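Here are a few notes to read alongside the model. Have the 3D view open while you go through them.

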Amino acid sequence: MENSQELLNSVRMARFVARGSLQLDAVVPAEMNAEGLAVLAAGVPPVPYGTPLSEAYAKGSFVRRLLELPQVAGALRSLVGPEPWVDHHFVHIREPHGGEAQGLHGDAIIDVRPDAFDVQLMYYPQAVTLEMGGTLSVPGSHLRRTNESDTGRYQNLRGQDRLVCPAGTVVLLHHGIWHGGRRNDSDVRRYMFKIRFNPRVRQRRLWDTSDLHDPRVTAELDVMFPWYEGATGRLERYNRILLWRELTGDGDFDVDRWVTRVSNRPKETVE
Amino acid sequence: MTPEATPPASAAARDASAAPVPRQQVLVLYLAGSALDSPVVGWSRYDGTGRTSPTTGDGDEPPYESGVAALRDGWRLFQAAQLIPPYPGHEYDVSFLKHEFFFERIVDVREGTGA
């Protein structure tokens, strides 16, 4: 799995830290998408929990080739490093005019790791329209300490992301993000393939850090989302800064001195 | 009162001249702050009339710009979130939306009556 890779740069990495998601539009070629539709319709055999990536999918198989696409491989490498464990995968199918919308949820149990995260890859082999009810996700919700489906009461949040995308789109999500499959009101059967990855190395400077001090990094980390309450929105930035410090190893990084002023505990005394 | 004195809702629905058949519609607004006139950041709807089926991710625009705007449109507030200080050691945790306001509207579900 060490073929060519297009690593993320620091600006895109900071955007992921702030948003909890990264969308790669139409990175899978059309002929692979046609193949992917058939593969997903037939079903993808399960992989035991915790299988190293290089052992999870046979060489030349569709999923292996999907994960070897340079932009996909590079993004995964940037986020979780080499040889992550495949946690699990699943083919999601939503029938035309069928099914109910999922309530907003985070996958698995509550996970409050401050210095590590899993990544969920979602692959869409066909173009997804608003009517087809693609995945709903809430930018900037991934650092919230909520458990699984306890957020199901929230139907709509300002600035939510109702996925609309071209065929061959891959979305990478922080494990904590609030998301759910929307109701399919179209005449088209909708497919999505999900794989969850667990990192096996410290997630520190795994991306292309040559632009680490680009001012746009700070701008990305400083973003507010329309659904944030005023007060809690400040805490979101505080927590983002802590995560960025973990990912970069730069314990002095800050935005507008949010963390610096809180941790300021001078020891020197005046004689 | 005998059972005959209160016709079941289904019978009343067939007879518009019968007694009103009230059903509750519920609107939940999540506001940017604890004041009822602060902006809406999230919303949910539940319809006891069965005429609509609101669900997750069904719209990007909130029904009202603030809690007070919902009051002005006739919604009745019946619950607001308490203000609870953070537990010691958890002051920087982020979790559920804090400023949750429940509203209701009573609708007569007899055929041909108001929405």
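1. How much space lies in the second largest pocket? About 490 Å³. A pocket here is an open set of points on a 1 Å grid where a 1.4 Å probe fits, with protein on both sides within 12 Å along at least five of seven lines, and lining residues have an atom within 4 Å of a point. Of its 33 lining residues, those closest to the centre are Val112(A), Arg113(A), Pro114(A), Leu143(A) and Arg145(A).

2. Before going on, a word on the source: this is a predicted model, where local features need pLDDT of at least 70 and side-chain atom pairs count only at pLDDT 80 or more, while totals for chains, interfaces and linings use all residues. Residues are numbered from 1 along each chain, chains are lettered from A, and side-chain values use heavy atoms.

3. Now the largest pocket: about 750 Å³ of space lies in it. It has 24 lining residues, and the closest to its centre are Ile84(B), Ser95(B), Phe96(B), Leu97(B) and Lys98(B).

4. Look at helix 7 of chain A too (helices are DSSP runs of H or I, at least four residues). Helix 7 gives the most to the lining of the largest pocket, with 3 residues, and also the most to that of the second largest pocket, with 5 residues.

5. Helix 1 of chain A, residues 10-19, is mostly covered, with 7 of its 10 residues buried (under 20% relative accessible area, 1.4 Å probe, protein chains only). Among the buried ones are Met13(A) and Phe16(A). After helix 1 comes Gly20(A), with a positive phi near 80 degrees.

Definitions and conventions: Buried < 20%, exposed > 50% of the residue type's maximum accessible area, 1.4 Å probe, protein only. Helix = DSSP H or I, 4+ residues; strand = E, 2+ residues; numbered from the N terminus. Points joined across faces, edges and corners; volume = space filled by probe spheres on them.
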